[in-house]
Number of protein chains: 2
Amino acid sequence: MRKHNFFPGPATLPFEVIQEAAAGLVDYNGMGVSIAEISHRSPIFTDLVDEANTLVKKLYDLSDDWAVLWLPGGASSQLTVAPMNLTEPSDKIAFVDTGFWADRAIEAAANEANAFFLASSKDTNYDRIPKITDVQGARYLHVVSNETIDGTQYHAFPDVDVPLVADMTSDFLSRPLPMEKFGVIFASAQKNFGIAGITCVLVNKAVLPEKNSRKVPKIFDYHTHIAENSLYHTIPTYPVYVALLMLRYIDKQGGLVEMQRLSQQKSALIYNEIDRNPLLKGIVATEDRSVMNACFTSQSTEMDQKINLFLEQNDIVGIKGFPTKGGFRASIYNGQPLASVAHLVDLLQNLPL
Amino acid sequence: MRKHNFFPGPATLPFEVIQEAAAGLVDYNGMGVSIAEISHRSPIFTDLVDEANTLVKKLYDLSDDWAVLWLPGGASSQLTVAPMNLTEPSDKIAFVDTGFWADRAIEAAANEANAFFLASSKDTNYDRIPKITDVQGARYLHVVSNETIDGTQYHAFPDVDVPLVADMTSDFLSRPLPMEKFGVIFASAQKNFGIAGITCVLVNKAVLPEKNSRKVPKIFDYHTHIAENSLYHTIPTYPVYVALLMLRYIDKQGGLVEMQRLSQQKSALIYNEIDRNPLLKGIVATEDRSVMNACFTSQSTEMDQKINLFLEQNDIVGIKGFPTKGGFRASIYNGQPLASVAHLVDLLQNLPL
């Protein structure tokens, strides 16, 4: 029996996607080879890359100003690679301190340029998203659209006069976006659209400097991958294939409007229970709650442990909060079935305490 | 029916490995979750990383001086990351110009330090490996242990007084190595030990400088990944899992001595036919022929096309040479069954010309 899987990432995918991915691994379309056993330069594979590009452009309604890149290295690499590509060493880059991933981002960017925090919610344990109106001369504003550990999410993006660069690993492809506000968006696949090993990077070519006084290594230069359609080197072919299956799935469901409706429906079920249940409490300001990661605690660490044991005994896995946060984190990305959320809520309504 | 797959990479894997990988994708060990759907920090997965480290150390008989790292980005990233970690910008790095991958390597390293070629076989179209005895003051000597496009391979590594840094993507885990000669070895998985998306990096900690005047980005700093046992960020979990399955397979076969015996057996079958068949000719000096990629041509481009068509009609795929080289390249890595090589040789012995 398939568990109700709330792991924060790598996270659950629709079972039909998993099954099709497994079939393609054994024998791709009856061709007698695995999709993972063919050259990244064979037409079979390059057609899949083209289809993935087309689907991302369709889902986000991207103009030709945008390049869609498939890169290895994870969003963690992009925290370094994006400032390398977008700034001169003397440039300022503004950040909003929303928690763990904002901290990782500023640490990486500070190695490349003058990175600084405009505002922080650290004093309230990252329970909210600070509001930003001015970027104090920065070249761009880096935002973590969804703080996957802290459980906060931007529901409206800042109105500023520079492009946003967004780490969107934990909510990519989960809702329509005001693309005109963004310069670069990157997201690892393993939460909302695939397995770990591939990162989708959207680059607005209008904000990418043509030249850079720093010597950007060719392998980390966006121009390289734009010119070679992501095939400058051997990309992680199988993770790209699984991402394509997820893109087809999302498109078939009705696109990003429908993914947003489903996320709101799933998260409302959980948050309603958190607010109703006297044993539970949410840890994020209501207006900034994430529809991807619902974080909550009970009355005590001891009670948390009892609840976790009860949930595990009832086929829930991966719902423990991040070690430094404690409590619970129900991760409900694109691949999370409504039925699993309903099962979780049912258990929370019947805690044996 | 499964094809006889000679793709140069991503390349064929033993079918039992593919089948086990597919089973683990659908339901890992009857646990009700996919191996690709669980956190990289869950004990289930960290145990697999530990096992993979142990197997690599066992297979190469590595001392505790060595760290085994699992990194994303491919060997192409390591061409930049290795010099970043190992040199000061003023250091010299020596290269041997053995072909395509040596050229990529020196281009990447020249961005980081003073990279130069000691010798080249360009004048003879990379048909041999130049012999090296002195490194002219370089910090290290970079070698491409097997030039996968050109079909050459080091059968003895240079005796020099500095460490070798080896791009071993196309012959990693295919033979025992004189580890005392090496400082760093890296290899992408998709030829000899897995699917695309993960790179195994072996670092002799004794040759890794503790400090570096350049500001190595934390995500590209070997120290980061040594300290965190490759789990500083979300690594490509499923590619690591497939690599582990291949490590188990190699170990079960009898380790690297047996993989070397099999490679020699498979390559001898092909090279004997190339040398015997008056229609075919090898393009590499006999003593430097690769046991991983056997490159050959026929009498003309036209005859190449006829032969390729005949091979494809008889269930051979992926045997065309690299576009700039032409002819044929039979890739016979660890996952290539002897039966497929025998089938190829049988067809070459019965060309309808």
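How many salt bridges does the rule find across the interface of chain B and chain A? Four, counting a side-chain nitrogen of Lys or Arg within 4 Å of a carboxyl oxygen of Asp or Glu.

Quick housekeeping, folks. This is a predicted model, where local features need pLDDT of at least 70 and side-chain atom pairs count only at pLDDT 80 or more, while totals for chains, interfaces and linings use all residues. Residues are numbered from 1 along each chain as its sequence is written, chains are lettered from A in the order written, and side-chain values use heavy atoms, with hydrogens and water left out.

Back to the interface. One salt bridge joins Lys218(B) to Glu107(A), with the closest N and O atoms 3.1 Å apart. On the chain B side, 56 residues are in contact (heavy atoms within 4.5 Å) with 56 residues of chain A. Together the two chains bury about 4,500 Å², 60% of it on carbon and sulfur atoms; that's the accessible area (1.4 Å probe) lost on putting them together, summed over both. Pro10(B), Glu37(B) and Asn111(B) supply 14% of the area chain B buries here, more than any other three residues.

Now the sheet in chain B. Seven strands form an open, mixed sheet, ordered β2-β10-β9-β8-β5-β3-β4. Strands are DSSP E runs of at least two residues, numbered from the N terminus, and two of them pair if DSSP finds at least two bridges between them. At the edges sit β2 (66–71) and β4 (114–120) of chain B, each pairing on one side only. Strand β3(B) runs parallel to β4(B), with six bridges joining them, and Lys92(B) has Asn114(B) as its bridge partner.

Notes
Helix = DSSP H or I, 4+ residues; strand = E, 2+ residues; numbered from the N terminus.
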